[in-house]
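Hi there,

I'm passing along the structure we talked about, and my notes follow below it. Have a look whenever you get a moment.

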Amino acid sequence: MEAAEKFHQYERYLRTLCNVLGFDVLRKGWKKTFRTYVTIFLCGQYFLWMVWSIIIASDTFELLKSLSFIGFFFQCSSKMYYTIANAAHYSTNFAGLQETIYTAHMDGTEEQKTVIDRVITVVLLATKATTVLFTSSLFIFSLYPAYMYFVMNVKVTIFPLYIPGINIYSSYGYGITNSLHMLIAVYGLLGALTSDTAFMLFVLHFISYVELFRIECEQFARDLDAFGQQWEYHTVEYKTFCRDWMRALYQYHQQVIVYLSSLQECYHSICVYQVASCSFSIMFNLFLALTTDWYATYSFMVISWFQLFVYSLLGTVMQVMNDRLNSYISNLPWYLLPTDEQLRYNFMLGRSQLPAEMVIRSVGPMNMETFTDIMQKIYSAFTMMYSFLVDLG
């Protein structure tokens, strides 16, 4: 399968999710529809049910169960808000990578096609793995009430969230509550898949941008060496050749900078909420897994850990590719360029040394080192909470 076909396969998958949720921001000129307001309404209902469950909680563990979902609410609401606010950036980025990477290289070299195909293959594999993991988590949550009802003869809901005015111990109330919980769960699953797989798409295609830039730089270095043996350095032909090649590199580098800046605009705040909500959820669910028999908490804890890990890993990818981009520019044979082109080259080199990267406010850059620090702090907070409850008896 050609890389362009794989990309269109992924596009159909992502656009289907976006259409169901009413957030097809990949389409230029997108406007909110009835489906958009349904998604926002369900998120609001989720928050109201969570607040009501906290108010009527019968003991500390019921309270903690309800609180364990507050992180997911802030994650969903922040993603919806910033997606709506930056809708134009999403459509521009998506159209830009489709045009610059796939359309422009339909007749590219074998090396270019290999780079493009390798990245889109990784995107598809990561998307499939994420879909399986998230869907499995929903399946575990939905099985928990059935297990408790048929095996333990106890009525429990899918989520520890209660709806005002509905008694879960009646047949009618129990069915209505679990049906609404399943609806919320499906929408949450689709929203998480849409947001996280789109982030994978945009960050991993930064690899394509950088590797295609490398190929252009290496080709220019070979051609410069070959033509330098034919022409004198100060001839008009040599200067014209250098100017044309370097102008193409400048333009491509500017496209990469615009893409990265737009990506940072879209995901800078989302990453902050993502890290905070996942850290909060991991800490609470780790505590609940140790102190209760609510086995569904394990799936939610795994999902939160996976999201935090993926975002940190992709942040590391951005850092590594920024370093490579700077290295490729530094390795250009700038000393063979005419004086005017050397000055413009210095501007490009200077700009590449000011990379755009994802930063978590008051914590540091979003990378695997920060991920390790966060996990250590989560464990410290968890042990403190557990010691406190042990002291209370």
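Leaving aside its neighbours within four places in sequence, which residues is Thr-36 in contact with? They are Leu-21, Gly-22, Phe-23 and Trp-30, where contact means heavy atoms within 4.5 Å.

Before the rest, some ground rules. This is a predicted model, where local features need pLDDT of at least 70, side-chain atom pairs count only at pLDDT 80 or more, and totals for chains, interfaces and linings use all residues. Residues are numbered from 1 along each chain as its sequence is written, and side-chain values use heavy atoms, with hydrogens and water left out.

Thr-36 sits in helix 2 (residues 34-55); helices are DSSP runs of H or I, at least four residues, numbered from the N terminus. With a relative accessible area of 0%, Thr-36 is buried (under 20%; exposed is over 50%, partly exposed in between, with a 1.4 Å probe and protein chains only).

Phe-7, in helix 1 (residues 3-21), is likewise buried, at 0% relative accessibility. Beyond neighbours within four places in sequence, Phe-7 touches Phe-94, Leu-97, Gln-98, Tyr-102, Ile-120, Leu-201 and His-205.

You'll find Val-151 in the loop between helix 6 (110-150) and helix 7 (171-228).

Happy browsing, and do write back with any questions!

Technical notes:
Helix = DSSP H or I, 4+ residues; strand = E, 2+ residues; numbered from the N terminus.
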